[in-house]
Amino acid sequence: MAITASTAADVSLASVTLEVADPDSARRFYTAFGVESRIRLRRSAAHSSGFRAFTLALTVSRPATVDGFLDAAVDAGATVLKPAAKSLWGYGGVVQAPDGTIWKVATSAKKDTGPATREIDEMVLLLGVQDVKATKQFYADRGLTVAKSFGGKYAEFACGASSPVKLALYKRPGLAKDLGVPADGTGSHRIVLGGTADSFTDPDGFVWEAAGPAASEES
């Protein structure tokens with residue numbers, strides 16, 4: 001049974017920083033993709049191979065908008081991992097940015113009710129974790145408010161008033177399967193989560209730091 005909470009989170013995810021080898025190139029890609037205002041970039045040469053155990057997901061209003069975002073990503077250099085297609089839950093596809101970050105774009109609508117737009121209804125950071133229940137409790141103990149919980153399969157946290165992204169947890173093998181990639185991976189996650197509290201590292205090695213002022217690049 002799902003557990004829901006209507007209260008706003010006391011602690012929340014305030015920013016997402018992607019660690020990339022070439023911030024200038026990454027900025028060009030994310031500007032073309034249409035998400036440059038929702039992420040931050042930081043230069044990093046940390047080793048990373050295989051699945052980085054997370055995805056950033058965009059929820060949009062209709063299939064034509066899904067296609068628009070995916071086409072823009074591919075035109076800017078992304079690799080298609082799952083072509084856009086209909087499913088039981090809606091319509092969506094998965095691409096991998098040139099810096100290695102995996103993005104999913106989806107809608108619950110199966111038919112277009114209007115033309116494509118560049119509007120994003122919601123952006124979700126899905127972390128692939130070893131133990132959803134344990135990691136959910138870890139975050140709850142840190143002050144994040146659980147908004148939805150489906151046992152050991154999935155958990156979602158409430159967003160802060162100004163948060164550009166929602167945080168959710170999914171089992172790592174299941175997330176990899178959904179994205180169409182092998183679950184194995186080593187090295188850095190190549191992502192830093194900015195929070196409204198002190199710095200810490202979660203049980204799966206995801207690093208949080210106090211969110212500072214927005215910047216397009218940090219060297």
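Ser149 sits in strand E9, which spans residues 146–150; helices (H or I, at least four residues) and strands (E, at least two) are DSSP runs numbered from the N terminus. The model is a predicted one, in which local features need pLDDT of at least 70, side-chain atom pairs count only at pLDDT 80 or more, and totals for chains, interfaces and linings use all residues. Residues are numbered from 1 along each chain as its sequence is written, and side-chain values use heavy atoms, with hydrogens and water left out.

Ser149 counts as buried because its relative accessibility is 2%, where buried means under 20% relative accessible area, exposed over 50% and partly exposed in between (1.4 Å probe, protein chains only). The side chain of Ser149 also makes a polar contact, at 2.8 Å, with the side chain of Lys136. Such a contact is a pair of N or O atoms within 3.5 Å; within protein, one must be able to donate a hydrogen and the other to accept it, and residues adjacent in sequence count only if both atoms are side-chain atoms.

Lys82 has Val94 in E6 as its bridge partner. The hairpin has 4 residues between the strands, and Gly90 takes a positive phi near 155° there.

Lys82 and Val94 are among the residues that line the second largest pocket, as are Trp89, Lys104 and Asp178. A pocket is an open set of points on a 1 Å grid over the protein atoms alone, where a 1.4 Å probe fits, with protein on both sides within 12 Å along at least five of seven lines; lining residues have an atom within 4 Å of a point. The second largest pocket holds about 150 Å³ of space, a volume being the space filled by probe spheres set on the points, which are joined across faces, edges and corners. E5 gives the most to this lining, with 4 residues. By class, the lining of the second largest pocket divides into 4 nonpolar, 3 polar and 4 charged residues; Ala, Val, Leu, Ile, Met, Phe, Trp, Tyr, Cys and Pro count as nonpolar, Asp, Glu, Lys and Arg as charged, and the others, Gly among them, as polar.

The largest pocket holds about 580 Å³ of space. Of its 20 lining residues, Ala57, Thr59, Lys104, Leu126 and Tyr154 are the closest to its centre.

How values were computed:
Two strands pair if DSSP finds at least two bridges between them.
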